[in-house]
Amino acid sequence: MREAYYGRGAIAKQIRQMRALERNGSYREEEWDRDKMGYLWAFNGLDQLFDYVRQLDSGGLVLDIGAGTTKGIAEIAKSKLGQGLNFKATVLFRNPKIENGLGFKNTHITSAAVLRGVDSNSVSAILSLNAIAYTVGLPTVARKLDQVLVPGGVIKTTFRSKVLSTTPRAIEYGFQTHDSFSQTLKSLGYDVAILNEGLQRDLRRPQSAGAHEDVILAIKPGGDVDCIAADLLGRDSAVIDITKTIDGYY
């Protein structure tokens, strides 16, 4: 299995590489400094997911993994959309812009495979906009997310589609498809739903060259709120205005 190949040493090496890329400004600014609308566009909506989280008797902690400057998640936290919820983030690099976002007191400098500082069974929802998609050893990451999630907790993340994951840039930056991640979650009993968002985007933007991203939503077993992952993913999609184009993000 690929997990055996991507052991702790490989994961640690990749974390060092990704930190260096962030420190050197190798990413386009829009990739790590997205605003609220950029998040809603990429996740195909978050309104219904947050309503679900409010129903959980778990403290309402939302953790954004790989939050960049934390601008987007901070804007969500301050908006009506984030009312009644608590927001924290993880990043690999201590970008000074974080202080103007969620602030360093709400931001952990750690990787998805480690989640240092995040307690077990403490998180109601995990968001990750392409950040997990950079990670080798995705089964290890999936089990770490499971460790910190409460029963009934939810994960919503985006991955590059199979089309984009084979481009030269994707190979250079180490993009992964969701396959081993979603399969590991299923093996842990999660209800997993997958939306090939790229196909919808192509219909909205005919000039687009190919499918962009897959949106994954997974619900941990054991919760006391009756919800089906595919229904929740569909309701989020119904809320967002899918005809609106936000230039610069894709």
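The side chains of Asp146 and Lys220 form a salt bridge, with an N to O distance of 3.6 Å. This pair joins distant parts of the chain, the two residues being 74 residues apart. Asp146 belongs to helix α7 (residues 138-148), while Lys220 sits in the loop between β7 (213-219) and α11 (229-239). Both Asp146 and Lys220 are buried. The model is a predicted one.

Helix α7, which holds Asp146, is mostly covered, with eight of its 11 residues buried. Besides Asp146, the buried residues of α7 are Leu138, Pro139, Val141, Ala142, Lys144, Leu145 and Val148.

## The other salt bridges

The structure holds three salt bridges. Side chains of opposite charge can pair when their charged atoms come close.

Another of these bridges is formed by Lys156 and Asp236, whose closest N and O atoms are 2.9 Å apart. It also links distant parts of the chain: Lys156 lies in strand β5 (residues 149-160) and Asp236 in helix α11, 80 residues apart. Lys156 counts as buried because its relative accessibility is 0%, under the 20% cut-off. Asp236 also has 0% relative accessibility and therefore counts as buried.

Asp51 and Arg54 make up a further bridge, with the closest N and O atoms 2.8 Å apart. Here both residues lie in helix α5 (residues 47-55), three residues apart, which is about one turn of the helix. Asp51 counts as partly exposed because its relative accessibility is 33%, which falls between the 20% and 50% limits. Arg54, at 32% relative accessibility, is therefore partly exposed as well.

## Chain overview

The protein chain comprises 11 helices and seven strands. It has 250 residues, of which 56% count as buried. Among contacts in the chain with a separation of 6 or more, 76% are between residues 24 or more positions apart.

The accessible surface of the protein chain is about 11300 Å². Carbon and sulfur atoms account for 51% of that surface.

## Nonpolar cores

In soluble globular proteins, nonpolar side chains tend to be buried together. The largest nonpolar core in this model contains 37 residues. Those with the most contacts inside this core are Phe50, Tyr52, Ile76, Phe87, Val154, Leu217 and Ile219. The elements giving two or more residues to the core are α4 (36-43), α5, α6 (71-78), β2 (86-91), β4 (123-129), β6 (191-196), β7 and α11. A second, separate core has 25 residues, including Leu61, Leu115, Val141 and Ile216.

Val154 can be followed through its contacts beyond four places in sequence. Its partners are Leu49, Tyr52, Val53, Ser124, Ala125, Ile126, Leu149, Leu217, Ala218, Ile219 and Leu232. Three of the core residues with the most contacts, Tyr52, Leu217 and Ile219, are therefore listed among the residues within 4.5 Å of Val154.

The buried residues of α6 are Gly72, Ile73, Ala74 and Ile76. These buried residues pack against α4, α5, β1 (61-65), β2 and β4.

Methods: Residues are numbered from 1 along each chain as its sequence is written. This is a predicted model: local features need pLDDT of at least 70, side-chain atom pairs count only at pLDDT 80 or more; totals for chains, interfaces and linings use all residues. Side-chain values use heavy atoms; hydrogens and water are left out. A salt bridge is a side-chain nitrogen of Lys or Arg within 4 Å of a carboxyl oxygen of Asp or Glu. Helices (H or I, at least four residues) and strands (E, at least two) are DSSP runs, numbered from the N terminus. Buried means under 20% relative accessible area, exposed over 50%, partly exposed in between (1.4 Å probe, protein chains only). Accessible areas come from the Shrake-Rupley method with a 1.4 Å probe; for residues, only the protein chains shown count as cover. A nonpolar core is a set of buried Ala, Val, Leu, Ile, Met, Phe, Trp, Tyr and Cys residues joined through side-chain atoms within 4.5 Å.
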